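Please consult the sequence and the structure shown here before reading on.

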Amino acid sequence: MALNNPAYTQNKGFAEPGTLSASDLQAMYDNSPNAVAEAPMTVEGSLMKSIAMFAFLIVGAVAGWMITSANPALGSTLMFVSLFVGFGLAMANIFKKQPSPALMLAYAAVEGLLVGIVSLVYNTAFEGIVLQAVLATFTVVGVTLALFASGKIRASARATKIFMVAMVGYLVFSLINMFLVMFGVIKNPYGVGGVEVFGIPLGIVIGVLVVIMAAYSLVLDFDFIKNGAAIKIPRQYEWTGAFGVMVTVVWLYMEILRILAIARN
């Protein structure tokens, strides 16, 4: 799973997530070999490409769910295969100078396969948890989009720096927690997240903070699409915006799924 939004880390012109100004985006446009000949990016175009990517994600998720339900052993194997293949495709999309629709759609399908398998595992342990996670994810995305559209929340350089520091901290915590569980230092399957503080599992507290971080990541996604369309950068970057939104939404869903599982356990 992506721990931050890779769509803005290595693509041409992206030095740091959320720090792009209008002049930065203009420079992307001016330096593009297709700046004059290519049609400009639009919000509607990014929306359509987002729908296409989520369609591939859903198809992959349904396939992963059905395969694992019919053959758990095969599903387990596919989970690890999709994890590594998905990581490889994500890196390819991040480091590729120009957006590749084929690679992004392939990533969406593979990520969907992983999401479907993981969702079935959680739903088997906690019946109905997937529906709850999906509804909660839609709620967070909808509220964030509404607040962004109304102008009540915006990306800022200061907030983005805080976001990046928090992301690095969360990444370090996640790696340490994973190794603590792997080597049996902590027996709880959620690691440190399963430890209770004043009767509340630490994983719920951390999870709420991560959901807030994911919501801000969505603001960065929306901000990129809005600014890119405003200064008319090349249409190919509609795929970059769509890719960023999909990665963030999947990350948000997985975190909410984990929070609900810890709460119900």
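**The loop between α7 and α8**

Lys-232 has its place in the loop between α7 and α8. The model is predicted, so local features need pLDDT of at least 70 and side-chain atom pairs count only at pLDDT 80 or more, whereas totals for chains, interfaces and linings use all residues. Residues are numbered from 1 along each chain as its sequence is written, and side-chain values use heavy atoms, with hydrogens and water left out. Helices are DSSP runs (H or I, at least four residues), numbered from the N terminus.

- Lys-232 has a positive phi, near 60 degrees, in a residue other than glycine.
- Because its relative accessibility is 49%, Lys-232 counts as partly exposed; this class lies between buried (under 20% relative accessible area) and exposed (over 50%), with a 1.4 Å probe and protein chains only.

**Helix α6**

- Helix α6 has 26 residues and spans 37 Å from its first C-alpha to its last, close to the 38 Å expected at 1.5 Å a residue; the expected span is 1.5 Å times one less than the number of residues.
- Buried residues in α6 are Thr-160, Phe-163, Met-164, Met-167, Tyr-170 and Asn-177.
- The cover over the buried residues of α6 includes α7 and α8 (237-264).
- After α6 comes Gly-184, with a positive phi near 75 degrees.

**Packing of α6 with α7**

- Helix α6 (residues 157-182) packs with helix α7 (residues 202-230) at an angle of about 135 degrees, and their axes are 11 Å apart; axes are lines fitted to C-alpha atoms over the stretch in contact, and angles run from 0 to 180 degrees between N-to-C directions.
- This angle makes α6 oblique to α7, a class left once angles under 35 degrees count as roughly parallel, over 145 as roughly antiparallel and 65 to 115 as roughly perpendicular.
- Residues of α6, including Phe-163, Met-167 and Tyr-170, meet residues of α7, among them Val-210, Met-213 and Leu-220; contact means heavy atoms within 4.5 Å.
- By class, the contact of α6 with α7 has 11 nonpolar, 2 polar and no charged residues.
- In this classification, Ala, Val, Leu, Ile, Met, Phe, Trp, Tyr, Cys and Pro count as nonpolar, Asp, Glu, Lys and Arg as charged, and the others, Gly among them, as polar.

**Packing of α2 with α3**

- The axes of helix α2 (residues 43-70) and helix α3 (residues 72-95) come within 5 Å and cross at roughly 140 degrees, which makes α2 oblique to α3.
- Ile-67, Thr-68, Ser-69 and Ala-70 of α2 contact Pro-72, Leu-74, Gly-75 and Leu-78 of α3.
- The contact of α2 with α3 comprises 5 nonpolar, 3 polar and no charged residues.

How values were computed. Helices (H or I, at least four residues) and strands (E, at least two) are DSSP runs, numbered from the N terminus.
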